[in-house]
Structure formats: structure tokens, C-alpha cells
Amino acid sequence: MITPTHYMLLSAALFVIGVIGVMARRNIIIIFMSIELILNAVNINLIAFSAQLQNAIGQVFAIFVIAVAAAEAAVGLGIILAFYRNKETVNIDEMNLMRW
Amino acid sequence: MAEAIAFYVIAAFILGFAVLVVSTKDTVHSVLFLVLDFLFVAALYVLLQAPFLAAIQVLVYAGGIVVLYLFVVMLVNLKRPPEAHQDPHRRTKLGLGLAAAVLLELGAILVYTSTRPGTPVAAGGTLPVTGNTEQVGWLLYTNYLIPFEIASMLLLVAMIGAIVLAKREL
Amino acid sequence: MIDTVVIPLLKIVIVLNATLVGVTYMVLLERKVIAWAQSRLGPMRVGPYGILQPIADAVKLMIKEDITPVRADKWVFTAAPIISMVPALIVYAVIPFGPEVNLFGRQVSLYVTDINVGLLYVVSVASVGVYGIILAGYASNSKYPLLASLRASAQLISYEVAVTLTLVSVILMAGTLSMVGIVRAQEAGHVWFAFVQPIAFGIFFIGGLAETNRAPFDLPEAEQELTGGFHTEYSGMRFALFFLAEYANMIVVSSVATTLFLGGWLRPFPNVAALGFLDFVPAWMWFLIKSFVFLYIFIWVRATLPRYRYDQLMRLGWKFLIPLAIANLVLTGIVKVMLL
């Protein structure tokens, strides 16, 4: 019997893997992809509850999460490209133009 | 029974590919593992009786967003490994330890609360249409019309922003 | 047990084999039709009138040397043709070849399955097919294929938007996403959607040409451009797989266009009783005839029109087809609300 707790555990594990990716990697594109993993973990949680409560509102929320993720990916990758044209690096430890 | 097997198999693949996304050195391989991860998440949505969202996940996430990532990865693929330079103030191992602690804590909370009687949640009212796609469409166009329109404005602004940022000369 | 496992498995085996044989003979059909358009005969030597030519081609490609570039990414290099081919084959799971028929005393439906998001499944699977092209160019580790693959994938994702918008107007007319439901809606309305939505049909046809990298939009794979495009470094069976994937995509676009716009398995003028003699042709034969007409038009266009330049191609997709598709969608919505 797969209860929503199973789905929540899966979602928590995926979330923590995404957070580890954001913290431990230095390539900014991998950091963005880990953020997408975090958003997917949240979506799994929403849809699991939508299935348990038989209410489609969870899926509507998940659609909005996907739309916002698409917008964020587009703008974020535009910023990466603009930065790469100036400084020729994708390592976030070298993106310190505004540091003291 | 079949649902349990399907869930465990799909969950193992999702977590396995997620770990591979985070730990692979080559960026292109990492993007490919992300695509496979999203395809398995779509399979999980089918298991959760949400076929519309599964198709949207494949169409938008795996077929749109990750293609965008792949394009950018190919345009910025450098010869020297981008992980060569490290900020000496980084404490990676402490971060990993804290993340493992958070995961254990979340797991403990979930397992503990799953054995307690939960507060009853009022299920939503029945909608005048049947079928998953029709229900999602009904909600989007009646109760949640304003967030829908705002989301479309957000996508328009993101499109304009991405074009302006990536142009060579304004 | 028989109804849930054996019959769908049989259907899958039949559909896959028929598709692969059809794809192989598409090669011969294309060479013959282009030859006739150019007042010559095409392959005539192998077998009577060149019928066995595809078998000779297959044997030749299988015994050719399989070259992998030295610093290419081995796994991705091998996976790219497979990623190109698989989406074209799995779309056949939802395409309806005919209604229920009575076979050996059993009611068997002539489609593998009918999911209620069938059209969305087709579109999402087609959008995954872009990966084969991007990865082929990247994995070859050489600059011409990389540039060609970026161009080809940019072309594909641009025309995908216009095609998806036309499909939305078809969904608006039919009221359902399931492929069988769309054919039934055409049956109930007694008119093929091609006559109700001519603009959408035209945009779908042009977009289908661009999606499958067919002339006049075949810039990514022309020999005169970028030394052969994204499959320059491929040889032997992998190259064959790319070409088979292209022809399989062509057949898929024809089948989907037949289902959505040309009435699927319905005979022409299904409500006119005077044409009842047309009922002697079984429904699935009508489907095949309409698909075949579509494929013939694909090949005819290739033999006739010159190639588009890349910037002309992108301008056509973004500045002409997408606004036209959106205008068509708005018009369809207004007409649907006001008249019904």
C-alpha cells in the first residue's frame, strides 16, 4: 500500500539532493539544474496530495510551478550567457564582480 | 501490489538519476541524466492518476526547459574544467553533513506523523466535468483565472527579458 | 488475460513491424517518385522494377565499417540515433487505424490504445525527438556537425510552436484530446476538419515539413551546406538509423494529419448515402490511402521546391506562421462561442 507518506519521503529525498547540488557544485549550470530538481520535488508532493484528496487543485498549483520554472530557467540562462560573454567563466566562485 | 512495485522502481530511478545529475563531472552528461529524471517523474505522475500533468511535464520540462539548458551548455563548454577554482571559504563537507541531518529529520517527522491520526481535511467540492484534463481546465478557467492570467504575463515578461539579455547589441 | 496482455502485445508487434517495413519501402518510393518527376526511371536493376532495392540498401549499410571519431563521447554518440528513432515509433501507440472490427469472434479495436490525452502524448513525444539531433552534433566532436545540429534543433523547436497552436484549434473543434475522440467528432459533424480549419491544415503541413527536416526546409542535412549536417560523422548502421528515423517521422506526421484533419478512418462524404458503394473499402484501408496521399505530397514537394535559406526559414516560422496560428485559434474560439 503506497500511502502519501511514501511520496512525501521521496519528495523530501529529492529536495535534499537538489539542495546538496546547489551547495556543493561550482558550475552555475549544474546549480540551476539542481534548482529544477527542487521544484520537481515540490511538484511530486503537490500531485501526491491531489491524488489522495481527489481534488484537482494540487495539479493546478503544479502547473503554475512548471510555468514559473520555465520563466526562471529562461531568464537565468540569459543572465548566464550575458555574464559568460563578459568574463568567460561559469564558475560561481569567480563571479565576484560585486564583492568588496 | 503492482502499484507498489511500480512506485519503488520509479522512485529508485528518480533518486538514482538525481544523484547522478548532482555528482557527474561532465556537464552534458548531467543534463542528460536530468532529462531521464524528468521522464521518470512523468511516469510517477501517470501512477498518481494525473495523465495531463505527465504529458505537460514531458512537453514543457523535458522537451523545452532542458533543451534550453543543453543549448547553453553547448555554447559555454570550456576547455578548462570549470571546477578548477575554489573559494577557500567554502565548507562543502559541513554543508553535506547538515543536508543529511535535514533529510533524517524530515524522514523522522514524516514517519512519526504517519502513525498518528490526521486532522480530517475537507475534500474539494465536485466539479461539473469529469476527466482529469477537463477538471484541471475547469479550475484554471473559473476559480483560478487571475493566477492564470498573471502566469501568462510572467511568461511574456520572461520571454522579453531573455531576448534582451542574450542579444549581442541592444 | 488475453484481452489485457496478449491482444495489445500482438497489436504492438504488428504495428511496429508494419512501420519498419513501411519505412524501408519509403526509401524506394521516394527515389522512384523523384525519378519520375525528373523524367527518369529510378532504381530498376535490383529485382523487378527495383522492388528489392531497400533490401540491398539495408545489407550494404549493415556491412559497412562503423567509424567512431576518436575523441567523441561514446555513449552519447551511440545513443543519439536511438533517441531519434524511438519517439517516431512509440507515437504509433495512439494512432487509430480503424474502429472496432470483429476478428475471430472477438471485438478488436484497430488501435493499440486510446488514452484520453492522446494528442498531448503525440506532441510531447515529438518534442523529445529533438534530443537525437542535438546530441548527434555534440557527440561528433567536430565543428560542422555541432553548428548544423544547433541550427536543426533551433528549426525544430521553432516550428513546434506553430504546429502545437494548430493542434489546439483542432482540439477546440473536437472537444477532446483523445485521437479516437477526434475522429468520432469528425464523424458526428459529418465534415473533415480540413474543410473546417483550412488555415490550420496548411500550417500543420508546412510545420510538418519543417519538423521532419524535409525539403524545402532540409537545410540541416543538405550536402551543400555544412558538409552534410549533423550526421556527417556517422557511418554504417547508425547513419541508416538516422535516415530511417526521418522517414518514420514523415509517416508519423502523415498519420497524425490524416487522423486530425482528413477524418481518420472515415470514408469521404460519410453522410451522403449515394456514395454507399465506397463502404466496400474497409476503414483501415481508407486510413492507409489518405496517409499515402499525404506522403506522396511530401515527396512531390521535395522534388519541386528549392531550398529555404536559414534566415528565411526562421523568419517564416516566427514572423508568419505563429501569428497566423494564433489568429486562427482566436477566430476558432470566437466562432465556437458565438455559433454553438
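How many residues of chain C are in contact with chain B?

## Where chains C and B meet

In this predicted model, 16 residues of chain C are in contact with 15 residues of chain B. On the chain C side, at least two residues each come from helix H4 (118–128), helix H5 (130–139) and helix H6 (143–174) of chain C. Of the elements that form this side, H4(C) gives the most, with six residues.

What is the make-up of the side of chain C that touches chain B, by nonpolar, polar and charged residues? It divides into 13 nonpolar residues and three polar ones, with no charged residue.

## A look at Leu165(B)

Let's turn to a residue of chain B that reaches over to chain A. Leu165(B) sits in helix H6 of chain B, which covers residues 145–166. Once its neighbours within four places in sequence are set aside, Leu165(B) is in contact with Gly78(A), Ile79(A), Leu81(A) and Ala82(A).

For the complex, the predictor gives an ipTM of 0.92 and a pTM of 0.92. Chain C has an average pLDDT of 87, and 98% of the residues score at least 70.

Within chain C, the elements run from strand E1 of chain C (residues 100–103), with the lowest mean pLDDT at 80, to helix H9 of chain C (residues 198–211), with the highest at 93.

How values were computed. Residues are numbered from 1 along each chain as its sequence is written. Chains are lettered from A and ligands numbered from 1 in the order in which they are written. This is a predicted model: local features need pLDDT of at least 70, side-chain atom pairs count only at pLDDT 80 or more; totals for chains, interfaces and linings use all residues. Two residues are in contact if their C-beta atoms, placed from the backbone, lie within 7 Å. Helices (H or I, at least four residues) and strands (E, at least two) are DSSP runs, numbered from the N terminus. Ala, Val, Leu, Ile, Met, Phe, Trp, Tyr, Cys and Pro count as nonpolar, Asp, Glu, Lys and Arg as charged, and the others, Gly among them, as polar. pLDDT is the predictor's confidence in each residue, from 0 to 100.
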